[in-house]
Amino acid sequence: MLFLQNKKFSFSILFLLLLLTFQPLSSSQQLKKNVEFNTSKKDHCQKISASLLFDITLHGFLLWASMGFLMPVGILVIRMSNREQCGRRLKFYFYIHTILQILSVLLVTAGAVMSIKKFNNAFNNNHQRIGIGLYGMIWLQALIGIVRPKRGSRTRSLWFFIHWMLGTAVSLLGVFNVYSGLFAYHEKTSRRIRIWTIIFTVEISLISFFYLFQDKLEYIQKQGVILGSDLVTSTDQGLSPNDKQKELPTDPC
């Protein structure tokens, strides 16, 4: 009887030793599994972040190329045709304007499709709200450009006013949305945007300067013609008839 009790006691001690032996091992294995799971999860999140960062950068580039470059340059090109009377030059400027605007619409459409598929469009910020409005305005502007009436028709003036007003609004809102997109990019990725903001500001400043300079270019050219005429007149008044006859005739321009 005493032998059985001792045997049971020995089995109990052996069982406790086995528990103490295998419990730390199982805990260490569980800890290792948790670490591996967290590491794989972290790597997966980093891959998603890298993919999302690429999509955001590509989206920003498409919208900058469209509304921050092609569209303003297209406006400058069509304004250059206002001073032209030659039919070939008018057609050249018109075709360049049309090509630039078509490319702009295509890039905007690509950026819109990307934003719908790739991003979380909660429309809880100004960048997304203005962007969805710009998409509709740009396509409306393209349709208005397609249905333009001929020169000299009654509806030409009304069409030109609507086309000009809508194009100006799209350009201004597009530039503003590029700036808001840069700030949204900074908030999303915590990356610096100062250099890109400076570059874009310099670009828009140059385009704005050339836009304003176009209005004064014809005036400056006329001033040169007027000053030249005054100089010729004053010189002719100071010459005697014999001196005028001695002057050699000049070739016409």
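In the classification applied here, Ala, Val, Leu, Ile, Met, Phe, Trp, Tyr, Cys and Pro count as nonpolar, Asp, Glu, Lys and Arg as charged, and the others, Gly among them, as polar. The structure examined is a predicted model.

On this basis, the lining of the second largest pocket comprises 23 nonpolar, 16 polar and five charged residues. The volume of this pocket is about 1,300 Å³. It is lined by 44 residues, with Ile56, His59, Gly60, Gly181 and Tyr185 closest to its centre. Two or more lining residues come from each of H1, H2, H3, H4 and H5, and H4 contributes the most, with twelve.

The largest pocket has a volume of about 1,500 Å³. Its lining consists of 45 residues, and Ile75, Ile78, His97, Gln101 and His163 lie nearest the centre. At least two lining residues are supplied by each of H1, helix H2 (87–118), helix H3 (126–146), helix H4 (156–189) and helix H5 (194–238). Here H2 gives the most, with twelve residues. By class, 27 residues of this lining are nonpolar, 13 polar and five charged.

Six aromatic pairs are present in the structure. One of them, between Phe61 and Trp64, is tilted, with 5.8 Å centre to centre and 40° between the planes. Both residues belong to helix H1 (residues 2–80), where they are three residues apart, about one turn of the helix. Phe61 counts as partly exposed because its relative accessibility is 48%, and Trp64 likewise counts as partly exposed, at 29%. Ring pairs join Phe61, Trp64 and Phe69 in a cluster. A further contact involves Arg79, whose charged end sits over the ring of Tyr211, 3.8 Å from the ring centre.

Terms used:
Residues are numbered from 1 along each chain as its sequence is written. This is a predicted model: local features need pLDDT of at least 70, side-chain atom pairs count only at pLDDT 80 or more; totals for chains, interfaces and linings use all residues. Side-chain values use heavy atoms; hydrogens and water are left out. Rings of Phe, Tyr and Trp (its six-membered ring) pair if their centres lie within 6.5 Å; planes under 30 degrees apart count as stacked, over 60 as edge-to-face and the rest as tilted. Helices (H or I, at least four residues) and strands (E, at least two) are DSSP runs, numbered from the N terminus. Buried means under 20% relative accessible area, exposed over 50%, partly exposed in between (1.4 Å probe, protein chains only). A charge sits over a ring if NZ of Lys or CZ of Arg is within 6 Å of the ring centre and within 35 degrees of the ring normal. On a 1 Å grid over the protein atoms alone, a cavity is a set of points where a 1.4 Å probe fits but cannot get out, and a pocket is an open set with protein on both sides within 12 Å along at least five of seven lines; lining residues have an atom within 4 Å of a point. Grid points are joined across faces, edges and corners, and a volume is the space filled by probe spheres set on the points.
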